[in-house]
Amino acid sequence: MDKGPHTDPHLNSWIWLSRTRDAVFSARRKELHRYAISARQASVMFVIQALGDKATPGEISRWLLRKPNSVSEFLQRMEKDGLIERSQDPRRRNVLRVKLTENGMKAFQKVAKLESIHKVMAVLSEEEIGQLLKLLEKVWYRALRNLNIERHPPFPPVREKEITTTKGLYRIWD
């Protein structure tokens with residue numbers, strides 16, 4: 001007997017994952033609108049901050065899983081908007097370094113508050129967040145393997161720690 005799409009657990013999981021991502025993304029986009037910053041600009045700013053002096057268009061594209069040419073074009077627009085500065089690496093002339101400008105840092109400090117994300121995620125306990133991260137990490141690495149991406153972007157760029165609860169050991173990021 002055909003199970004149909006409504007009973008396929010993989011499809012249902014994917015639908016819930018997609019719907020949840022869309023809802024959280026919409027809440028985040030609404031928050032960022034107050035600062036006149038797009039979600040894509042905010043993502044690029046977070047990556048630049050995480051990479052520090054190693055931020056290059058190529059590294060940014062790897063972290064965001066985007067094509068290098070589309071990231072380069074987007075960086076040009078961000079530079080024109082005064083959010084970032086691109087400069088030639090003094091040691092390697094064929095490498096461009098990317099950093100936030102003073103205006104970019106001010107914008108980053110506003111968007112780094114993550115108010116909408118905290119409001120949404122507050123529904124989960126620390127233990128549930130640990131479980132969610134563990135499951136999402138498994139799906140993330142499988143998706144990267146299916147895309148033949150061997151060099152994994154080290155994201156999120158935060159410290160990992162383990163917590164022990166009555167239900168077991170979990171890895172969380174703080």
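Guide: Gladly! Let us begin with a definition: axes are lines fitted to C-alpha atoms, for helices over the stretch in contact, and angles run from 0 to 180 degrees between N-to-C directions. Please keep in mind that this is a predicted model. In it, the axes of helix α2 (residues 39-51) and helix α4 (residues 68-80) cross at roughly 95 degrees and come within 11 Å.

Visitor: Why are α2 and α4 called roughly perpendicular to each other?

Guide: The term applies to angles of 65 to 115 degrees. The axes of α2 and α4 cross at roughly 95 degrees, so the two helices are roughly perpendicular to each other.

Visitor: Which residues in α2 and α4 meet?

Guide: From α2 come Arg-40, Gln-41, Val-44 and Met-45, and they meet Ser-70, Val-71, Phe-74, Leu-75, Arg-77 and Met-78 in α4. Sorted by class, this contact has 6 nonpolar, 2 polar and 2 charged residues.

Visitor: What makes Ser-61 count as buried?

Guide: Buried means under 20% relative accessible area. Ser-61 has 4%, and is therefore buried. Ser-61 lies in helix α3 (residues 57-64). Leaving aside residues up to four places away in sequence, Ser-61 touches Arg-66, Lys-67, Pro-68 and Val-71.

Visitor: And why does Ala-27 count as partly exposed?

Guide: Partly exposed is the range between buried, under 20%, and exposed, over 50%. Ala-27 has 28% relative accessibility, so it counts as partly exposed. Ala-27 is found in helix α1. The C-alpha atoms of Ala-27 and Lys-119 are separated by 9.6 Å, with the two residues 92 residues apart along the chain.

Visitor: Which residues in α1 are buried, and what covers them?

Guide: Val-24, Arg-28, Glu-31 and Leu-32 are buried in α1. Their cover includes α2, α5 (102-111) and α6 (115-121).

Visitor: How do you know that the span of α1 agrees with what its residues should give?

Guide: The expected span is 1.5 Å times one less than the number of residues. Helix α1 (residues 9-33) has 25 residues, so it should span 36 Å; its end C-alpha atoms are 36 Å apart, which agrees. At the start of α1, a side-chain oxygen of Asp-8 comes to within 2.9 Å of the backbone nitrogen of His-10.

Visitor: How many helices and strands does the protein chain have?

Guide: The protein chain has 7 helices and 4 strands, running α-α-α-α-β-β-α-α-α-β-β from the N terminus on. Of its 174 residues, 25% count as buried.

Methods:
Residues numbered from 1 in each chain as written. Predicted model: local features only at pLDDT ≥ 70, side-chain atom pairs only at ≥ 80, totals over all residues. Heavy atoms only, no water. Parallel < 35°, antiparallel > 145°, perpendicular 65-115°, else oblique. Contact = heavy atoms within 4.5 Å. Nonpolar A, V, L, I, M, F, W, Y, C, P; charged D, E, K, R; others polar. Buried < 20%, exposed > 50% of the residue type's maximum accessible area, 1.4 Å probe, protein only. Polar contact = N/O pair within 3.5 Å; in protein donor to acceptor, adjacent residues only side chain to side chain.
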